[in-house]
Amino acid sequence: MTNISQTNPVLDVKNLAVTLTIYGRPVPVVTNVSFQVRAGEAVALVGESGCGKTMTARAIIGLPPDGARVGGSIQLEGRELTTLSKKDRRKLGGSRIGFIFQEPMTSLHPTLTVGAQLCDTLRTHLDLGRKEARDRAAQLLDRVGIPRATAMLDSYIHQLSGGMRQRVMIALAVSCKPALIIADEPTTALDVTIQAQVLDLLKEMRSELGLAMLYITHDLEVVSDFCDRAVVMYAGDIVEEGPVASILTAPHHHYTRGLIGAIPAHDEDRKRLTLIKGQVPPLGAWPAGCRFAPRCPRADEVCLKHPALEPFEESAVRCWHPVELKKKETSTLG
Amino acid sequence: MGKYIRRRLLHALPTIFIPLVLVFFLLRLAPGDPAVQILGDNATPEQIAALRTQLGLDQPLPIQFLLWLKGLFTLQLGDSLFFHKPVLELIPAYAAVTLQLTFFALVIAMVIGLSAGIAASLLRGKILDRGIIGVMVFSISLPEFWLALVLIFVFAVTLRWFPVAGYVSFDEGVWASLATLVLPALAIGVRQAALLTRMTRSAMLDVLDEPYVTTARAQGLPEATVIGRYTLRTAAVPVVTVIGLSVSYLLSGAVAIELIFSLPGMGKLLVDAVSRRDYPVVEGSVLTIAVTLVVVNLIVDLVYAWLDPRIRLK
Ligand SMILES: Nc1ncnc2c1ncn2[C@@H]1O[C@H](COP(=O)(O)OP(=O)(O)O)[C@@H](O)[C@H]1O
Ligand code: SF4
Ligand SMILES: [Mg+2]
């Protein structure tokens with residue numbers, strides 16, 4: 001990992017904040033989020049549903065919901081995105097950043113052919129003629145494992161299976177050889193057997209194109225052999241960040257511990273960890289101190305103050321009482 | 001595709017047939033005798049009886065119906081009792097006026113409706129959007145006859161920009177002809193323009209929220225492509241349905257508004273024919289209007305299938 005950490009980051013997010021206006025009142029959805037993704041590196045963005053992962057991703061590509069305010073800095077390959085004109089920023093999508101959406105069925109156009117959608121992207125960013133773009137599109141479909149690629153160019157998304165749809169989505173995202181891929185739970189909508197195939201394809205594309213990747217998931221274990229680092233989000237905050245291996249085996253934040261425990265257990269040690277009780281607090285109702293406090297087994301009066309993200313062992317943790325790696329865990333959870 | 005068209009046409013047959021049968025019976029069961037109408041009040045009973053025999057009106061109703069059916073299927077619609085000319089020769093001149101008026105009104109409704117609807121959707125919540133909604137709600141509530149009278153008063157009587165009533169045919173000058181159609185076309189077109197604005201706006205808003213539009217933006221496609229190709233394409237599907245309905249309303253609206261503006265169209269032909277008990281002309285007119293509606297619906301269906309492969313490939 002040392003060689004990776006010395007290269008310049010492809011994506012450098014600093015103090016990202018997203019605020020929505022709900023019933024005329026500003027409501028924070030993402031606060032103070034900072035992380036980097038370096039060339040060739042895959043970073044997992046983990047957290048329960050509703051923690052602000054998708055919002056973070058959409059802020060990065062400049063497509064937050066209507067009426068959202070985005071603060072902080074987002075640099076792509078050393079270029080500040082937040083000060084770019086709308087038009088210049090738009091051009092980076094598809095060319096430098098590829099985005100893989102969760103639901104390929106609704107995220108691909110229902111009445112344009114697969115080929116037309118691929119060609120639109122290719123011809124927007126690359127100087128290609130009609131025929132060249134079509135040939136390139138067929139190559140892409142072939143590359144992502146779609147049989148009879150040339151014939152498939154003329155098919156519509158409703159004619160394909162779920163796995164094939166997501167392959168098309170991946171082809172679209174990598175079509176112009178971007179530097180960064182953001183994949184937002186790309187396998188959540190798929191059957192379990194298909195999930196593994198799509199994940200394998202993403203792995204291949206990543207090493208083949210030397211992509212930096214931000215992989216959003218609520219299940220860290222699935223991507224443990226795929227991602228280098230993990231960023232754990234809870235209620236709009238990053239609560240823990242570090243190498244995937246250490247986060248999986250020795251999480252420091254109580255939320256991360258619960259999250260890992262929520263994965264079906266494989267060994268005796270893990271079984272002791274229970275699911276986290278309660279729910280992510282709704283927007284606008286976050287506790288003023290540690291946002292995890294109402295659900296945390298270790299919470300005390302110190303936790304009424306909002307903790308900062310501090311380096312801890314190999315990671316960074318936002319917790320007043322982080323779980324120590326060396327000490328064998330004895331406290332009772334839940 | 002051929003199968004699709006054939007199926008649609010088969011569905012259309014009742015649409016043509018049922019109104020015709022209704023008209024046949026209504027005319028014959030209603031009081032009033034065409035022979036009396038034609039010969040006038042001074043005719044002797046013998047003259048009337050002779051004419052009734054000649055017209056086949058002395059036959060029992062079921063026989064009349066069978067003969068009428070035979071005529072219908074062989075397109076022998078008979079001669080006008082009043083003009084003494086074949087119905088099929090009589091109708092085209094009147095139909096042309098109504099079709100011109102309908103087409104003109106449709107152009108007005110589509111140009112205003114589509115552009116205002118698209119503009120409003122792209123400026124969702126902004127002042128222009130609210131303004132368009134306001135004008136739209138007001139326009140939908142305007143009765144056509146009332147609007148016609150206001151238009152005549154303002155633009156024909158006071159400003160004298162357009163003739164009060166009457167018709168100039170295309171052959172006598174395109175502009176003069178159009179001038180006679182502007183006010184009637186507006187009278188029936190404004191309401192449809194407003195309805196089309198509403199439909200276009202809401203269809204656009206629905207599609208703009210679709211994830212595939214976000215994908216198009218995330219892929220870096222220019223906004224013109226995102227709107228023109230990715231949004232309009234799907235938003236057009238419900239809008240086309242409304243345009244098809246609009247054409248039906250405009251056709252019937254045209255038939256009615258012709259009377260206010262004294263335009264020699266199908267409306268005038270039909271109303272005159274009914275009061276003269278000119279059965280063949282009434283039936284021919286209804287047949288013409290029904291066939292026109294069927295053709296319009298077929299065109300809508302075809303556009304539909306062209307726009308949405310999910311229908312076409314079924
Ligand atoms: N357009 C929106 N308007 C209002 N609230 C939203 C909108 N999109 C998302 N949210 C809310 O923002 C929070 C974060 O959502 P999201 O980023 O989608 O979470 P995640 O991807 O981690 O599941 C959730 O509470 C969600 O309900
Ligand atoms: S800061 Fe306190 S409440 Fe929050 S996770 Fe740490 S121990 Fe629990
Ligand atoms: Mg999400």
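**Where chain B meets chain A**

Let's start where the two chains touch: 23 residues of chain B are in contact with 30 residues of chain A. Keep in mind that you're looking at a predicted model. Put together, chain B and chain A bury about 2200 Å² between them, and 60% of that is on carbon and sulfur atoms.

What about charges and polar atoms? The interface of the two chains has 2 salt bridges. One of them links the side chains of Asp120(A) and Arg229(B), with 2.8 Å from N to O. There are also 12 residue pairs in polar contact between chain B and chain A. If you want to find the touching side of chain B, look at α9 (211–218), α10 (223–260) and α13 (309–312), the elements that each give two or more residues to it. Sorted by class, that side of chain B has 10 nonpolar, 5 polar and 8 charged residues.

Now hop over to the loops of chain A. Tyr23(A) sits in the loop between β1 (9–22) and β2 (25–38). Its phi is positive, about 50°, even though Tyr23(A) isn't a glycine. Is Tyr23(A) buried or exposed? Exposed counts as over 50% relative accessible area, so Tyr23(A), at 84%, is exposed.

Arg148(A) isn't a glycine either, yet it has a positive phi of about 50°. With a relative accessible area of 61%, Arg148(A) is exposed.

Methods:
Residues numbered from 1 in each chain as written. Chains lettered and ligands numbered in written order. Predicted model: local features only at pLDDT ≥ 70, side-chain atom pairs only at ≥ 80, totals over all residues. Heavy atoms only, no water. Contact = heavy atoms within 4.5 Å. Buried area = accessible area lost by both parts, 1.4 Å probe. Salt bridge = Lys/Arg side-chain N within 4 Å of Asp/Glu carboxyl O. Polar contact = N/O pair within 3.5 Å; in protein donor to acceptor, adjacent residues only side chain to side chain. Helix = DSSP H or I, 4+ residues; strand = E, 2+ residues; numbered from the N terminus. Nonpolar A, V, L, I, M, F, W, Y, C, P; charged D, E, K, R; others polar. Buried < 20%, exposed > 50% of the residue type's maximum accessible area, 1.4 Å probe, protein only.
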